[in-house]
Amino acid sequence: MANFNLKINGKTQVVDIDPTTPMLWVLRDHLKLVGTKYGCGIAQCGACTVHLGDNAVRSCQLPVSAVGEQEITTIEGLSENGDHPVQNAWMEIDVPQCGYCQAGQIMSASALLKRNPNPSDEEIESAMNGNICRCGTYTRIKKAIKTAANTEGV
Amino acid sequence: MTKINTHIGRRAFIRNTSLASGGLVLGFSFLNSCKPEQAKETAGMEMPKEWFEMNSYLKIGDNGIVTIYTPNPEFGQNIRTSMPMLVAEELDVDWKNVLVEQAPYHSEKYGFQFTGGSRGISARWQPLRMAGATARHMLKEAAAQTWQVPVEEIIAEAGVLQHAATKKSAGYGEMASVAATLDVPEEVQLKEVKDFKLISSSQKNVDAKRIVTGAPLFGMDLQKEGMLIAMIVHPPAFGMTLKSVDGETAKAMPGIQDVVTIKSFKDGFEKGGFDTNAFPELVAIVGNSTWEVMQAKKKLNVEWQPTSAFSETIAGFRGKETRNVPAGLESTTAHKAQMEILAAKPGKIVRKDGSPEAAFKNAAKIVERSYSAPFLAHNSMEPLNAFAHVEGDKVKIAAPIQIPAFIIPTIASSLGISQENIEMEMPRMGGGFGRKAYAHFVVEAALISQKVNAPIKLVYSREDDLTNGIYRPAYQATYRAALDENNKLTALHVKAGGVPESPLFANRFPAGAIDNYMAEEWTIDSNITIGAFRAPRSNFMAGAEQAFLDEVAEAMDKDPIQFRLDLLKRAKENPVGEANEYDADRYAGVLELVREKSDWKENDTTLHRGVSAYFCHNSYAAHVLDLRMENGKPVVEKVCCAIDCGVVVNPDAATNMAEGAITDGVGNALFGELTFEDGVPQKNNFHQYQMIRMKEAPNEIDVHFVQNEIDPTGMGEPPFPPVFGAMANALYKATGTRYYKQPFITDKPPLVG
Ligand code: FES
Ligand code: FES
């Protein structure tokens, strides 16, 4: 067990925990931030995607000990009122079916748009290919990313 | 107007008199953490001071806000939006003044709370509209009494009651307190389709905001004071069972509370059709957090032993049936060999019209082709999980589950408590696809909670979910067509079977369209558990049949759409036999619509396109799929789809579902496969089990609905089965090779015939 000071969604959180614990479970079990989802545990599905700094990472593969000073943003902290342009676009296009994968999709998409505000189809596909949607909402996800691209505040 | 007697849903309209002052009190609400989210979301909506319960589906606030309790569990078809729309339409309220809450499991109040078989909307079509219509009628009565005017002169529209002659007007909220005390009318009038204002207009998903902000909606998200995490360890292979466990090392690991064994069925319990469970004896490990339990799970020393063969009687949907479960460790290669043997022998004849034998004997040409498909795992994005808290002779459950009613008797028997003492909530499911209809995991959670005497959440790892499956069976079908010297189709013969179930639908198209027809089936017993998977059996038969018809059309030198339409014309004008399940007109309707919308041209060589159409769940779907090959891999450019599912309640949501079904079909046709070796599933996570990803998804999906006034039929499943045939037929156009064996694309050279 060890103590970690984590910067999550703009707040400092202290956890006393086994250093090998992946951030996914720190978030879900210890900090009750359950928006970040468990889908595979082996970096294959993207359901657990969070931002580490500005990068989209798979939190199931990120041990708490590797986080250090870096800022973590989860779906709960992406925007204050749930109105990030990507979230808005997701609602406008009515993307979700079951919704389980969507937090991860949104975190991948928002990281993509931050570094590349106007991605091509190929760039969208390669950035999003790590996120599985079992319900098959890919055509809508693509449309929503294009809707969000180039909007204020991406 | 249609007058409908309310007795069909009368039970639901009996209010709980102890709540006469209003306010429906639900048993318990575990997802309390959802509430602030909802409050935030409805900030623009002023909450009423008092609620008046009109019936179990709806209550009206003194300010006119309406809460609708949606009865069925949600797994992504968006019924949490479309079901309340049915109530709101007949109540005639402004949709923006409606709040939706999930009803708990309560069969007396809410009837059969079943999500599956594409029956959600069709089963609720009348009762939910009636719930709205009776409440509206009671509001009118209340206004009539208050204003002392005849009820026939009251108009109730958009949440407002009006009496023109006296110029009186009141919001529903103002009349709700009186209305809630009135008798439920014996009969109500439902609107006619042409008068619908809300139904058939696209409404956004009521949960969209909660989903995109990561609110705790799913069973997996549940947190409760004092709750422990449990995981199970199941045998590594089908055909194995628990022998012994040594949990000492695991128990000594940090955060671990207990290691227990559970037995899911009491001896002598008569199973129902959804009690499928390959591994009723399990080891469970319980601890403080998921990660700790996952680590300790690896340290368990468990010994397994082979099972013995047995026979059991199941009280299924269609009465009692006997299942034979063999012993042994099964393999895909052995299954394939057995399937070939049975496919070559006569099967059990299920339907025979005319004299197919003679027709084949006299044929100038016979086309014979065989098709096969492997086991498939559901792989819902949310792995199986369940919360249970047993306290004495009572249990509280919250689980992502498709058919709560079917697991209640099992839970009661296994825990040794009475059915009335089971309280159950149904959080949103992160996908179901049929898998969450088999709720053994809920029984397991309850038994673990009982053993460790604490609230627990049972969490399946992805590996547990994939390897303790209730899979789509492996199937095989051989089709034969007889053509005479004029190249006319004279007979059709289908023989189909599977491990362990036959996929045959003997009375579906093209039965009824051909004078000489024969359908046979066979099965092979297995100890690998199987169950419903999006459009069971249809999901294979459609692909085989529609690929075969394509080849027959080619042999007859006919356009594939025209060929199908000609057969349907025959089936309509002069049907063969009486048991035909489909409506030839509606079938032809989707083919004609897809022909028009896809801009289909006969002998078009500019595009690689495949067509396919199928009937299931009382609906009709036809697809035209366009693809091109890129580096030896198919890229699906566009799928044009036509569906006839009667009245479409929420068109954009239905379109989303069709898009999902098509994408799901493309993925499973190309990659979906689970194989077995010595009883062991050969894939246990997504690094091995290929799921469709954005790159392989169709670039464009264009969905069209046939416009009619027929009561709604199935929607979640029907667009899925035809994808397999459309894909096979388009692949043929693109590669010149016919594809007979699913999955069509594997890392190995494609197994083409
Ligand atoms: S749970 Fe992390 S990628 Fe699947
Ligand atoms: S919406 Fe269900 S997995 Fe993506």
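These legends walk through several close-up views of a predicted model.

**View 1. A mixed, open sheet in chain A.** Let's start with chain A, where 5 strands form an open sheet in the order 2-1-5-3-4, with mixed pairing. Strand 2 and strand 4 of chain A stand at the edges; each has a single partner strand, so one side of each is left without a neighbour in the sheet. From one strand to the next, the twist averages 40°. Inside the sheet, strand 3 and strand 5 of chain A pair in the antiparallel sense over 2 bridges. Here His51(A) stands opposite Thr73(A), a residue of strand 5 of chain A. Helix 3 of chain A (residues 102-115) lies across strand 3, strand 4 and strand 5 of chain A, and runs at about 35° to strand 3.

**View 2. Gly53(A) in its loop.** Look for Gly53(A) in the loop between strand 3 (49-52) and strand 4 (55-58) of chain A. Gly53(A) is partly exposed, with a relative accessible area of 34%. In sequence, Gly53(A) and Thr73(A) are 20 residues apart, while in space their C-alpha atoms are 7.6 Å apart.

View 3. The buried residues are Met23(A), Leu24(A), Trp25(A), Val26(A), Leu27(A), Arg28(A) and Asp29(A). What do the buried residues of helix 1 pack against? In chain A, they pack against strand 1 (2-8), strand 2 (11-17), strand 3 and strand 5 (71-73), and in chain B against helix 9 (290-297). Just after helix 1 of chain A comes Lys32(A), which takes a positive phi of about 55°.

View 4. Strand 23 (residues 474-483) and strand 24 (residues 489-499) of chain B run antiparallel and are joined by 10 bridges. One of the bridge partners to find is Leu489(B) in strand 24 of chain B, which partners Leu483(B).

**View 5. Salt bridges in chain B.** Side chains of opposite charge can pair when their charged atoms come close. Over all chains, the structure holds 49 salt bridges. One of them joins the side chains of Arg80(B) and Asp207(B) (2.6 Å, N to O). Arg80(B) lies in helix 3 (residues 79-91) of chain B and Asp207(B) in the loop between strand 9 (187-190) and helix 7 (208-212) of chain B, so the pair ties together parts that are 127 residues apart in sequence. Are these two residues buried or exposed? Arg80(B) is buried at a relative accessible area of 9%, and Asp207(B) is buried at 2%. For a pair with another setting, turn to Arg628(B) and Glu630(B), whose side chains meet in a salt bridge (2.4 Å, N to O). Arg628(B) is partly exposed, with a relative accessible area of 31%, and Glu630(B) is partly exposed at 38%.

View 6. The side chains of Arg738(B) and Asp550(B) meet in a salt bridge (3.2 Å, N to O). This pair links distant parts of the chain, 188 residues apart: Asp550(B) is in helix 15 of chain B, and Arg738(B) is in the segment after helix 19 (721-735). Arg738(B) is buried, with a relative accessible area of 10%, and Asp550(B) is buried at 6%. Both belong to a network of salt bridges that also links Arg369(B), Glu551(B), Glu554(B) and Arg564(B).

**View 7. Glu330(B), a buried residue with no salt bridge.** Glu330(B) is found in the loop between strand 16 (319-325) and helix 10 (332-344) of chain B. Although buried, Glu330(B) has no salt bridge, and the nearest side chain of opposite charge, Arg323(B), is 13 Å away. What joins the side chains of Glu330(B) and His335(B)? The answer is a polar contact of 2.7 Å. Not counting residues up to four places away in sequence, Glu330(B) touches several residues, among them Asp525(B), Ser526(B), Phe676(B) and Gly679(B).

Notes: Residues are numbered from 1 along each chain as its sequence is written. Chains are lettered from A and ligands numbered from 1 in the order in which they are written. This is a predicted model: local features need pLDDT of at least 70, side-chain atom pairs count only at pLDDT 80 or more; totals for chains, interfaces and linings use all residues. Side-chain values use heavy atoms; hydrogens and water are left out. Helices (H or I, at least four residues) and strands (E, at least two) are DSSP runs, numbered from the N terminus. Buried means under 20% relative accessible area, exposed over 50%, partly exposed in between (1.4 Å probe, protein chains only). Lys and Arg count as positive and Asp and Glu as negative; His and the chain ends are not counted. A salt bridge is a side-chain nitrogen of Lys or Arg within 4 Å of a carboxyl oxygen of Asp or Glu. A polar contact is a pair of N or O atoms within 3.5 Å; within protein, one must be able to donate a hydrogen and the other to accept it, and residues adjacent in sequence count only if both atoms are side-chain atoms. Contact means heavy atoms within 4.5 Å. Two strands pair if DSSP finds at least two bridges between them. Axes are lines fitted to C-alpha atoms, for helices over the stretch in contact, and angles run from 0 to 180 degrees between N-to-C directions.
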